[in-house]
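Here are a few exercises to work through with the model open beside you. Try each one by eye before you read the solution.

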Amino acid sequence: MRDLFFLDPGVVFLNHGSFGACPRPVMETYQAWQRELEANPVDFLGRRSADLLLAARTSLAAYVGAHPDDLVFVSNATTAVNIVARSLELEPGDDIVTTDHEYGACDAALAFVCERAGATLRRVAVPLPYDPTSWVDTVLAAITPRTRLVFASHITSTTALLFPIEELCARVAETGVPTLIDGAHGPGQLSLDLDRLGATYYTGNCHKWLCGPKGSAFLHVRPTAQESLHATVVSWGYLAEPGGHTGFEAYTGTTILERRLQWQGTRDISAFLAVPSAIEFLADNDWERRRHECHRWACEARNQVLERNGLQPVAPDHAHGLMVLIPVRTADPERLRADLFDRHRIEVPVTVHAGQSFVRVSVHAYNCVADLDALVAALAALGV
């Protein structure tokens, strides 16, 4: 599998979770779309783009368990979070409920809109070790009559925790509060059925675990919430009603999500169009079996390190996906990350939460047991 990726053979790459890695066949598809675009940009963008994007969304929708009309492509999950957050009609005294494990960029977006409106961002503390059985109750306890949104990650970035999102969405729905789920690490790492999951808004990156090109992601919106969303960039779609005429029909599409969010000016949509190739690549390479294998390898590596350093796991195995958190003892997390790369040629992040340092190991199809063995040996050599 390693030969199917462009990864440097001299580096043990255990950091798929940061930016993903695009396989050669998917990259070839991506670049073919770019060449086709440049052969006649007017025809490609002006006349064909809506149909091409619909075909790509239809493939993605089938993969994530949704209707294509409820999906729209965006460049990354943070963009989608901004779309939803900036569409909220917050007033002074309102609040947004989230946790203290959220991705920094998304947390910043929520804090920004709250500050501008005089609202409060309530960050619920989720202590480690993590108890999945009490998490939903902890979040629900923070909801007030002025709560306008509940935001949570499906899989957290810094701490690699898998939150029970389906239960959360069902119980929050009973309060009438909408839910926004940051599924940046969801597609490809988890088997998704978004219609069953029940989030009001769900965003996922296609360039991470799904192995699509960089800059491919989606926002899924329940039909009842689509009218309230607005693009961060107002463009031609705001001039068109369904079946209307603006001179930019190929750009605007027929659904609310298409009209308002799909056309954002002249941009390369090739990454979106290559997403079906990424889905096909994983299917062709037995990803369902490999996915469980990768999870097992990551947990076994964690257990080997913990057996030596005497620390305890922060979560049960089933509360991690293909990213697993390894607690380590270090007074300088950045120095440890640099030593792992500079001295041992291992690309892996060292994260910090609540004063505790962790090695966050990601395992994908191109990894093998020897990669994990190299990490375990390097950590032992570095005395952590």
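**Exercise 1. Is Glu 288 buried, partly exposed or exposed, and which residue does its side chain meet in a salt bridge?**

Step 1: Glu 288 has a relative accessible area of 42%, so it's partly exposed (buried means under 20%, exposed over 50%, partly exposed in between, with a 1.4 Å probe and protein chains only). This is a predicted model, where local features need pLDDT of at least 70, side-chain atom pairs count only at pLDDT 80 or more, and totals for chains, interfaces and linings use all residues. Residues are numbered from 1 along each chain as its sequence is written, and side-chain values use heavy atoms, leaving out hydrogens and water.

Step 2: The partner is Arg 291, at 2.7 Å from N to O. A salt bridge here is a side-chain nitrogen of Lys or Arg within 4 Å of a carboxyl oxygen of Asp or Glu.

Step 3: Both residues sit in helix α13 (residues 287–309), three residues apart, which puts about one helical turn between them. Helices (H or I, at least four residues) and strands (E, at least two) are DSSP runs, numbered from the N terminus.

Step 4: Now check Arg 291: with a relative accessible area of 10%, it's buried.

**Exercise 2. Which parts does the pair Glu 166 and Arg 196 tie together?**

Step 1: Their side chains meet in a salt bridge of 3.6 Å, N to O.

Step 2: Glu 166 belongs to helix α7 (residues 165–173) and Arg 196 to helix α8 (residues 194–197), so the bridge ties together parts 30 residues apart in sequence.

Step 3: Glu 166 is partly exposed at 35%, while Arg 196 comes out as exposed at 55%.

Step 4: For context, the whole structure has 19 salt bridges. Among the linked residues are Asp 94, Arg 146 and Arg 148, which form a network.

**Exercise 3. What is the strand order in the open sheet of three strands?**

Step 1: The order is β9-β12-β11, with antiparallel pairing. Two strands pair if DSSP finds at least two bridges between them.

Step 2: β9 (323–328) and β11 (350–353) are the edges; each has a single partner strand, so one side of each lacks a neighbour in the sheet.

Step 3: Zoom in on β11 and β12 (residues 356–362): four bridges join them, and Val 352 stands opposite Ser 357 in β12.
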